[in-house]
Structures are given as structure tokens and as C-alpha cells.
Amino acid sequence: PAAPLRLAGNVTTGFGRGSKQLGVPTANLPPAPLAEQLAQLPAGVYFGWAQLNADVSWPEADRQVHPMVMNIGRRPTFGDAQPELSVEAHIMHKYSQDFYGQPLRLLVLGFIRPEMRFSGLQELLARINADVGVARSQLGTPRWQPYREQLAAEAPP
Ligand code: ADP
Ligand code: MG
């Protein structure tokens, strides 16, 4: 995206297709309230920063800003492409617990690749792992650090 895009919402349940079992849990945001912002973005994979605005009783590390890789799309690898967009972020942090229902904020900074249909789960998974690598190395460069601080500073108390 030309300018960083902010997406926020309370984490909802996804499709239960076992992202977590595959080692890449994705926190889903309800897409309907984000329709206007999503209309600006092509379906595909993005990188950026994420912050879980959980209660102060949660471990400090869980409430900090972490790198994330995000998919916006219709999940074409899983049978018929769904009519409604899904927004899901894999956050590169080991959380102390699941966070369904919690407020999550994403700052979307860059595009990795368009959405595509894979011939199977192994192919999809290999590509997801590559996407995670791209996101991690991008977000490790000085270029994106100010946005990390920006998101942290904007966090509601
Ligand atoms: P669902 O289909 O319900 O989205 P997933 O298998 O994708 O299930 O798991 C997502 C859930 O896992 C998130 O909603 C969140 O509560 C939890 N979770 C734990 N660690 C992470 C993480 N690092 N990134 C994203 N979600 C995580
Ligand atoms: Mg998910």
C-alpha cells in the first residue's frame, strides 16, 4: 500500500481448518466492518505490525507490537472460493494463550504476493513459510521500525 493501512477488530473464529495445527495460527478479523479499507487492497499476502490490545493482566510481551504476515482473500485453495473476504494475520510471537474476542490492531506496510490457488496443502504451507521469511526479513530492516513505534504509541491505554 502507498500509505500504511490500519485494520482493527476483535478477533473472531476462522474456518477451523487447522492453521494452528500446521504451525501457523491466523487471527481472523471480521471483514464486514473493514469493507471500505479492504476495497483498496488486492487479495494477497502482506506484512506489517500487529498489536493485541489485551487486558493489562496479560503478560507484557503479549501486549507488545510484533511482526505479522497477513492474508486478505477468498482462500481459493480450500474448495470453492468464498464470496466474503477473509482477513487473517499470523503474528510472529508465542502468545501465552489464545485471544479470541480480544481487540487486535494491524498496521499493513507492504505487499508480498497476490493470492493464488495452490494444488495442495503442502504447496500452500511451503509458500506460507516463505511468506513468513519475507515478512521477517523486511520487518527486521530499519525502514519499518518507525511504524512499530507509531503503532505502540497509538495503542489505547
Ligand atoms: P481459526 O480458524 O479459528 O482462526 P486458527 O487455527 O487459525 O483458528 O488459530 C487462530 C487463533 O489462534 C487465533 O484466533 C488466536 O486466538 C490464536 N493464536 C495463538 N497464537 C497466535 C499467533 N501467533 N498468531 C495468530 N493467532 C494466534
Ligand atoms: Mg485463522
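User: Leaving aside neighbours within four places in sequence, which residues is Ala50 in contact with?

Analyst: This is a predicted model, and in it Ala50 is found in strand S3. Setting aside the residues within four places in sequence, the contacts of Ala50 are Val65, His66, Met68, Ala89, Ile91, Leu104 and Leu106.

User: Is Ala50 buried or exposed?

Analyst: A residue counts as buried if 20 or more other C-beta atoms lie within 10 Å of its own. Ala50 has 24 other C-beta atoms within 10 Å, so Ala50 is buried.

User: Which residues have the most contacts inside the largest nonpolar core?

Analyst: The largest nonpolar core has 29 residues. Strands S2, S3, S4, S5 and S6 and helix H2 each supply at least two residues of this core. The residues with the most contacts inside the core are Ala50, Met68, Met70 and Leu106.

User: Which element gives the most to this core?

Analyst: Among the elements that each supply at least two residues of the core are S4 (65-73) and S6 (103-114). The element that gives the most, with 6 residues, is S3.

User: How far apart in space are Ala50 and Met70?

Analyst: Both Ala50 and Met70 are among the residues with the most contacts inside the largest nonpolar core. Not counting residues up to four places away in sequence, Met70 touches Val45, Tyr46, Gly48, Glu88, Ala89, Leu106 and Val108. Ala50 and Met70 are 20 residues apart in sequence, and from C-alpha to C-alpha their separation in space is 9.8 Å.

User: What pattern does the chain follow along the sequence?

Analyst: The secondary structure of the chain comes to 3 helices and 6 strands. Read along the sequence, they follow the pattern β-β-α-β-β-β-β-α-α.

User: Why does the chain count as compact as a globular protein of that length?

Analyst: The globule rule gives 15 Å for 157 residues. The chain is as compact as a globular protein of that length because its radius of gyration is close to that value, at 15 Å.

User: What percentage of contacts between residues at least 6 apart in sequence join residues at least 24 apart?

Analyst: Here the contacts considered are those in the chain between residues at least 6 apart in sequence. The share of them that joins residues at least 24 apart is 74%.

User: Which residues are the closest to ligand 1?

Analyst: The shell around ligand 1 divides into 8 nonpolar, 8 polar and 2 charged residues. S2 and S5 each supply at least two residues of this shell. In total 18 residues surround ligand 1, and the closest are Gly14, Ser19, Lys20, Pro25 and Asp98.

User: Is Gly120 buried or exposed?

Analyst: Gly120 sits in the loop between S6 and H2. Gly120 has 9 C-beta neighbours inside 10 Å, so Gly120 is exposed.

Terms used
Residues numbered from 1 in each chain as written. Chains lettered and ligands numbered in written order. Predicted model: local features only at pLDDT ≥ 70, side-chain atom pairs only at ≥ 80, totals over all residues. Core = buried A, V, L, I, M, F, W, Y, C linked by C-beta atoms within 7 Å. Buried ≥ 20, exposed ≤ 12 C-beta atoms within 10 Å, placed from the backbone. Helix = DSSP H or I, 4+ residues; strand = E, 2+ residues; numbered from the N terminus. Contact = placed C-beta atoms within 7 Å. Rg over C-alpha atoms; globule rule 2.2 N^0.38 Å. Near = placed C-beta within 6 Å. Nonpolar A, V, L, I, M, F, W, Y, C, P; charged D, E, K, R; others polar.
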